[in-house]
Amino acid sequence: MFSIDGKTFKNKENKSEGNMEFLKKIEEKWQKAWEKAKIFEADPNPKKQKFFVTFPYPYMNGPLHVGHAFTASRIDVYARFKRMQGYNVLFPWAWHWTGQPLMGASERVAKGDEEFIRILKEVDGVPENELKKFVDPIYMATYYTNESRTAVKKLGLSIDWRREFNTIMPTYQKFIKWQYENLKEKGYVIRGTHPVIWCPHCKSPTGDHDRQEGVGVTPEEYTLIKFKLDEETYLPAATFRPETIYGVTNIWINPDATYVKALINGEKWIISEKAAEKLKEQLRKVDIKRKFKGRELIGKTFENPVTKERMPILPGWFVDPEQATGVVYSVPAHAPYDWLALKDLQEKPEILQEFGLNPKILEKIKPISIIKVEGFGEYPAIEITRKMGVRDQHDPKAEEATKIIYKKEFHGGILKENCMEYAGKKVRDVKEQLIEDFKKRGIADSMYDLPQPVICRCLTPCIVKILEDQWFLKYSDPKWKEKVKEAIKKMRIYPETATQWFLTVVDWLKDWACARRTGLGTQVPWSKGWIIETLSDSTIYMAFYTINKHIKKYKIKPEMLTKEVFNYIFYGKGKINEISSKSGIEKHILEEMHNEFLYWYPVDLRVSAKELVPNHLTFFLFHHTALFPPKHWPKAIGVNGMLMIEGKQMHKSKGNFVTLKNAVETYGADATRCTLLLGAEGMDDSDWRSGNVRDMQNKLQTLYNFAKKIIEEKGENERGHLEKWLISILQRRIKEVTENLEKMKTRTALETALFEVWNDIRWYIRRKEKTTKTLKETLKMWLKLLTPFIPHICEELWSELKGEGFISIAEWPKINEKLIDLETEEKENIIKGLIEDTANIIKVMKKPPKKIFYYTAAEWKWKVYLKTLRRIKDGEINIKKIIEELARDNEIKEKIKDAAKLISKITRESSKISEKRKENILKIGKINEKEIIEDAKKFLEKKFHAEIEVYSEEDEKRYDPKLKAVQAMPCKPAIYIE
């Protein structure tokens, strides 16, 4: 049984159910208390250093899930940590309603999409009476926002809700219009012609967050090599490797696919029907003359435009007519798939006979080697398929082989003599020049296509369209890129390994279509009918957080938020009296808003999942560098991995999905937070498993009972060896947790705060066998270390300890270096090691001991040990040299053979000791191990239920029937058991 505020809860037969009821009551109690006390509402305080953290506002086309909670929990831990360190912390929240996701979801409900509606009911938990109203996207967004707000509060996030907004609020839209007017004036928004991923149904560019499938996919430009079928007709074959034209042996055509003879900008081309449709959207004039099946082309010959040789067209069912032109040229010396396809035809001659071709045609096809690459001979494709044991073109290993060859040849390949004027040049250096030359000669062209399918939220397959007179963000601008790189150089990125990824994204990022025709959002100020797209209205909204509480408090209307008002707030520009008069906003309010912005900016930390590095997080940097001075550029970004569910990718339609609401209701906030935080750190992916969360529930209940017992016991005032040890080790834990949190290593910090400190306290209790005032003080420090992670349980225990105020805003523990006692710590390390070694021997004996004898190392061994350990620590493990040095000591010189054996043993055993402990031993020097073990004699006798005797190896009167004493090593006494 356990109680909260006098109310008693019985342990249920189902342990998790009882735990859940108890934990939920605690969580509800403290969430209400925090809200009532407004402890997370942050206002400017010149006496305090500020810290501004943000989380990307989530889309409201569905409920928040545990993936959102994974990132949000990490941010909240950091926010709570900084708050306890004395910072004035602002952690605001908002909701993303912009774009196609909501419209697409609402349309599916309106169309009666049975599968989608089933998911809304069964996975999202939407009641039938609410579902009918989802035909209105605004209602749908409102429903999910209300549900999600409740879930976020129940997770215990320390948010200032006064600043909340959604992205279609008129006041926010005024802010976005101001942003884009400024970007356009500065030349960062331009009108241009660019390829975009396009939804034919929505008639709009489709950005990453407007996609059902294909996030991260971008248009790819193919080079089309124009092979001549006859004097007037071309077979344009698409490639990313135009240099391989010199090694062509044949062309592949899919016999069953539909092809067309068409005039493309006046030229006669033969391409797939799908390719013709795509080219219509890429500023090409397409006039289809005839449709036919690919089998008509099989057996015909074509001319290689550079070598002028004629070569055959062969059947290839692997050719995808929906990919590029549907015409593929073959380079078997350098393309594994081509070599395998030819081999497959050789093994099945009946295929060629079906088309009236003599199989002997294949005998004339010889691989042509055109690229010299290190590690391979004449024919890299043939070599790697044999080496990897690739069976045929359907073997999955063929794709891996292709990637290996392409990478090797692109980065290290040299073109051979048969590549004419390009001979001797590196593949990577010549590619662009070669494409330019081929186009000038009229033997090459280009087209865009998608490397994999992209599906719009409206469920329409997307295509590549070249847009004319469309509005783009000029991310290709070299000067803008340099500003972003400057910002990255100045800021901190967690983990550091993500820094290069950001720089790579900045380099390859091209102009971005920033407007679309459909969906919710802010209208482009100067272009009627266009809406600023999802990833383009979510880049500097953190600045809006700083002023939205004033907009709400003073009921500022959208029309009052003029360009001049925003320029004053964010730039301090303009005459305040005139701006106040024209806008109708009182002067003191404008000053408040301006000062609030100046106080909170820049953003100190923004954290998100790694999938947003190639878009949102990088855009966030671009826009801040464009619109704000360097002093207001973001200071840090945290990147984390994705979340899997039970070892599989999260997928709502497959039912592999856990909503945040369900997680918290089923397992509680603290258990949910802990499980997520222990899942991963850095950019590693985490795995949510229900068994782990239930286990965490039980651990937290045990933790509560454990701490409660310490609180309830009186506690004696003692300050001996064990108290010194506990206080010393606690200083180390404080340092470890603090340092790891500063680096956003939330998992490592929690592992230390929860498990390592718990183990330390358990060890102290085992050794002491009673509660002391030192233990109670340690408990207070422990709860503070745990508060950022499990705030609800910590608040409850803090109140039972009669702690002052809320532990959530108590002072973070500070390390006291003077309290670190290395010798005391090492004494306990020796006892722990002794217990482990003794237990291992008893396990082998398979019978309980009656008497245990310990033998501590001789004096001379300590000299050898410390000398050897020093060399190991310094990375100088030269046994001969160590022996030479030790031989100068007369005492050791007499035992030099024994010393040599000991050095080898020390070298082996030292690998089991942490670097920190080695360092500590070297600082302390020799320890009186015999005295240490004798002091712990009663504890050891109780532990092993046996009589204990302790001897020095040098004690001539020792009881040592098996001559075990000679095996004694410093920090590792020898053991004999009877």
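In which sense do β22 and strand β27 pair, and over how many bridges?

Author: This is a predicted model, in which local features need pLDDT of at least 70 and side-chain atom pairs count only at pLDDT 80 or more, while totals for chains, interfaces and linings use all residues. Residues are numbered from 1 along each chain as its sequence is written, and side-chain values use heavy atoms, with hydrogens and water left out.

β22 and β27 (residues 636-640) pair in the parallel sense, over three bridges. Strands here are DSSP runs of E with at least two residues, helices are runs of H or I with at least four, and both are numbered from the N terminus. Two strands count as paired if DSSP finds at least two bridges between them. Arg 492 stands opposite Ala 636 in β27.

The pair belongs to an open sheet of five strands with parallel pairing, in the order β4-β3-β26-β27-β22. β4 (88-90) and β22 (492-494) each have a single partner strand, so one side of each lacks a neighbour in the sheet. From one strand to the next, the twist averages 20°. Helix α16 (residues 542-553) packs on this sheet, where it touches β3 (50-54) and β26 (605-609). The direction of α16 makes about 115° with that of β3; such angles run from 0 to 180 degrees between N-to-C directions, and axes are lines fitted to C-alpha atoms, for helices over the stretch in contact.

Next come two helices. α14 (residues 478-490) packs against α20 (residues 613-627) at an angle of about 105°, with the axes 9 Å apart. That makes α14 roughly perpendicular to α20 (65 to 115 degrees; under 35 is roughly parallel, over 145 roughly antiparallel, and the rest oblique). On the α14 side, the residues in contact (heavy atoms within 4.5 Å) are Trp 480, Lys 481, Lys 483, Val 484, Ala 487 and Ile 488. They meet Leu 621, Phe 622, His 623, Thr 625 and Ala 626 in α20. By class, this contact holds seven nonpolar, two polar and two charged residues (Ala, Val, Leu, Ile, Met, Phe, Trp, Tyr, Cys and Pro count as nonpolar, Asp, Glu, Lys and Arg as charged, and the others, Gly among them, as polar).

There is also an open sheet of three strands, with mixed pairing and the order β29-β28-β30. Its edge strands, β29 (648-649) and β30 (686-688), each pair on one side only. Helix α2 (residues 66-84) packs on this sheet and touches β28 and β30, its direction making about 140° with that of β28. β28 (residues 643-645) runs antiparallel to β29, joined by two bridges. Within that pair, Ile 645 stands opposite Lys 648.

Elsewhere, strand β8 (residues 220-228) is joined to β19 by six bridges, the two running antiparallel. Glu 221 has Tyr 448 in β19 as its bridge partner. Six bridges also join β8 to β9, again antiparallel, and a hairpin of four residues connects β8 to β9.

The loop between β9 (233-239) and β10 (250-253) contains Arg 241. Arg 241 is buried, with a relative accessible area of 11% (buried is under 20%, exposed over 50% and partly exposed in between, with a 1.4 Å probe and protein chains only). Apart from neighbours within four places in sequence, Arg 241 contacts Tyr 329, His 334, Ile 371, Tyr 406 and Glu 409.
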